[in-house]
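Have the viewer open as you go.

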Amino acid sequence: MLDDVAIACSTGGFKSVFLHGVLSAFESAGFRAGAYGAASSSVLPVAAAAIGQVNVLGLEHWQAG
C-alpha cells in the first residue's frame, strides 16, 4: 500500500465500467492507494478497491444494469 498516493474517481453511468477495469488491473498488480475518493456510479468499484475486493465485484454488476 502506498500511503502517499490517493485515487479520485468521478464518473457517471456506464463509464464506470472503464474505471472498474483500471482499478481491477491495479489490484491484480498489487497496487493499493492510501486513500480513495469517488462520486456517482464510481462509488461501488472504488469502495471495493479500497477494501481490496474490486476483482470480486465482477462484470455481472454492470451487465445487470
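Let's settle one term first: a residue is buried under 20% relative accessible area, exposed over 50%, and partly exposed in between, using a 1.4 Å probe and protein chains only. This is a predicted model, where local features need pLDDT of at least 70 and side-chain atom pairs count only at pLDDT 80 or more, while totals for chains, interfaces and linings use all residues. Residues are numbered from 1 along each chain as its sequence is written, and side-chain values use heavy atoms, with hydrogens and water left out.

**The overall layout**

The chain has three helices and two strands, in the order β-α-β-α-α from the N terminus. Those elements are DSSP runs numbered from the N terminus: helices are H or I with at least four residues, strands are E with at least two. The radius of gyration, taken over C-alpha atoms, is set against a globule rule of 2.2 Å times the number of residues to the power 0.38. The chain comes out at 11 Å, close to the 11 Å the rule gives for 65 residues, so it is as compact as a globular protein of that length. Along its principal axes, the C-alpha trace spans about 35 × 20 × 15 Å. Of the 65 residues, 31% count as buried.

Strand 1 (residues 2-11) and strand 2 (residues 33-40) run parallel, joined by seven bridges; strands pair if DSSP finds at least two bridges between them. Cys9, for one, has Ala38 in strand 2 as its bridge partner.

| Residue | Relative accessibility | Class |
|---|---|---|
| Ala8 | 72% | exposed |
| Thr11 | 16% | buried |

Ala8 sits in strand 1, and its C-alpha atom is separated by 4.5 Å from that of Gly37, 29 residues apart along the chain. Thr11 is in strand 1 too. Leaving aside neighbours within four places in sequence, Thr11 is in contact (heavy atoms within 4.5 Å) with Ser16, Leu19, Ala39, Ser40, Ser41 and Ser42.

**The core**

Which residues make up the largest nonpolar core? There are 10: Ile7, Cys9, Leu19, Leu23, Ala33, Val46, Ala48, Ala49, Val54 and Leu57. Such a core is a set of buried Ala, Val, Leu, Ile, Met, Phe, Trp, Tyr and Cys residues joined through side-chain atoms within 4.5 Å. Strand 1, helix 1 and helix 2 (43-50) each give two or more residues, and helix 2 gives the most, with three. Val46 touches Cys9, Leu19, Leu23, Tyr36, Gly37 and Ala38, not counting residues up to four places away in sequence.

**An aromatic link**

A search of the whole structure turns up two aromatic pairs. Rings of Phe, Tyr and Trp (its six-membered ring) pair if their centres lie within 6.5 Å; planes under 30 degrees apart count as stacked, over 60 as edge-to-face and the rest as tilted. Phe14 and Trp62 form an edge-to-face pair, at 6.2 Å centre to centre and 70 degrees between the planes. Phe14 lies in the loop between strand 1 and helix 1, Trp62 in helix 3 (residues 60-64), so the pair links distant parts of the chain, 48 residues apart. Phe14 is exposed at 53% relative accessible area, whereas Trp62 is buried at 10%.
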